[in-house]
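Please open the structure in a viewer and keep a selection panel at hand. The stops below proceed from one selection to the next.

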Amino acid sequence: MQIPGLLSASARSAWHKTRCCGIFKKLTMPLSAVASMLVLHMQIPNAYAHVSHVLSDQQYADIKSGYPDIEIIAAGMTGLVAFSAILVQSLQKCRRRLERC
Amino acid sequence: MLTGLRQTLSPSKGAGLTMLLIRVAMGVYLVSSGVMGGLLNIVDPMDSGDMNFDTYMTTQMVVGALLIAGLLTRVGAAMLLGMFAFTFAVYGLNALDQIMILGMGLALLFKGGSTYSLDRLAFKNMHIPKPITKKLAWLGTDGLFLPSVRIAFGANLVWLGFTEKIFAPNMFAAVMEKFHLSPIGIGPDMAVLGAGLIELAIGMMYLLGIRMRTVSVLMFGILVFTVVTFHESILAHIIMFTVSVVFVLNGKDSIIGINTNKVTPIMRQVKNVLLLKMYAD
């Protein structure tokens, strides 16, 4: 058996075993509680930090100064992508409704 | 595990929980934004010399409190949408950084407070005339609350992918350099482009509604990584966290039109070609 197949088979078997024993149910709650506490502990001191604050003000201003032109293009492209996605979904929904009739 | 989760979240209970998550996240964000002095923005505070500064901050905090409590939710949602429209006057096109708020506002407007809200308690015995309920049902707005969140979130990710990574790679490159995050064997420019393309791909999947649970788990992982690695705040990302949790819980929504059964064979074909190239011998 090739390596990817072997890996996928062993992962599937491990997944099946843990699911059968209900280990997930028992582990998920305490693990998520611990993870949340850890993340909150790290985050409370810089509750309002953002990636822009990671850089110095000057560095951030230098980078942002190139934005005005970019924003117009990006807004246009985002609008186009979102509109196309909505159009595709509406057309598919219409087609499905017609098929049902 | 997912089967158990699906059984627990029957459609009525699921919608109540979803609306509770959306309301609380949006409310906490609004109150934080009001405390920080930004307009729907907890990163860039407004100029406090603005004539209406106090009005904006108070309105945000009041709407936030209303949403958390689930009191007059639809009124709060309408005010939220009004505030979102106004952010364009303050921040210009930068307001699109928060376009997911539009989706959250629409969802709250369409669905209201739902099960776990003060609205439900206060207006439980209120009689709504039948013609009105019939007309509202005909509009079909009830089923639009999840699609509005999904589409706005997808558009937000596409926008951020373009503006913070693909078209303006300097910021992300500087952050990567600061945290020594350059992946082995890839230059910083390529790494930024890769990150941007991943963000675009996830945004597209949200827009088209493909594999919502898988994509949302991935999104949640990326958010945890970002927050932990770059020491960013959870508050600034609370809406993103909430949206990914909402779609892990709900999966697909009512207007998803893409048939994943048709997409899966194509993806399998791509995987096979890649595996063939990797293990050509």
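Begin by selecting Phe123(B), which counts as partly exposed because its relative accessibility is 38%; buried means under 20% relative accessible area, exposed over 50%, and partly exposed in between, with a 1.4 Å probe and protein chains only. The model is predicted, so local features need pLDDT of at least 70 and side-chain atom pairs count only at pLDDT 80 or more, while totals for chains, interfaces and linings use all residues. Residues are numbered from 1 along each chain as its sequence is written, chains are lettered from A and ligands numbered from 1 in the order in which they are written, and side-chain values use heavy atoms, with hydrogens and water left out.

Phe123(B) sits in the loop between α6 and α7 (130-139) of chain B; helices (H or I, at least four residues) and strands (E, at least two) are DSSP runs, numbered from the N terminus. Helices α4 (73-91) and α6 (118-122) of chain B are the elements that give two or more residues to the nonpolar patch. Accessible areas come from the Shrake-Rupley method with a 1.4 Å probe, and for residues only the protein chains shown count as cover.

Next, select Thr87(B), in helix α4 of chain B. Is Thr87(B) buried or exposed? Thr87(B) is buried, because its relative accessible area is 3%. Leaving aside neighbours within four places in sequence, Thr87(B) is in contact (heavy atoms within 4.5 Å) with Leu39(B), Leu40(B), Gly92(B) and Ala95(B).

Thr87(B) also lines the largest cavity, along with Leu39(B), Leu40(B), Asn41(B), Tyr91(B), Asn94(B), Ala95(B) and Gln98(B). About 40 Å³ of space lies in this cavity.

**Gly38(B)**

Now move to Gly38(B), in the loop between α2 and α3 (53-69) of chain B. Gly38(B) counts as buried because its relative accessibility is 0%. Not counting residues up to four places away in sequence, Gly38(B) touches Ser33(B), Asp44(B), Pro45(B), Met46(B), Met57(B), Gln60(B) and Tyr91(B).

**Thr18(B)**

Select Thr18(B) in helix α2 (residues 11-36) of chain B. Thr18(B) is buried because its relative accessibility is 1%. Residues up to four places away in sequence aside, Thr18(B) touches Phe145(B), Leu146(B), Val246(B) and Asn250(B).

**Helix α9**

Then display helix α9 (residues 169-178) of chain B, where the buried residues are Met171(B), Phe172(B), Ala173(B), Ala174(B), Val175(B) and Met176(B). Just after α9(B), His180(B) takes a positive phi of about 50°.

**The whole chain**

Finally, colour chain B by secondary structure: there are 13 helices and zero strands. Of its 281 residues, 46% count as buried. Chain B exposes about 14,000 Å², of which carbon and sulfur atoms supply 69%.

How values were computed. 1 Å grid on protein atoms, 1.4 Å probe; cavity = no way out; pocket = protein on both sides within 12 Å on 5 of 7 lines; lining within 4 Å. Points joined across faces, edges and corners; volume = space filled by probe spheres on them.
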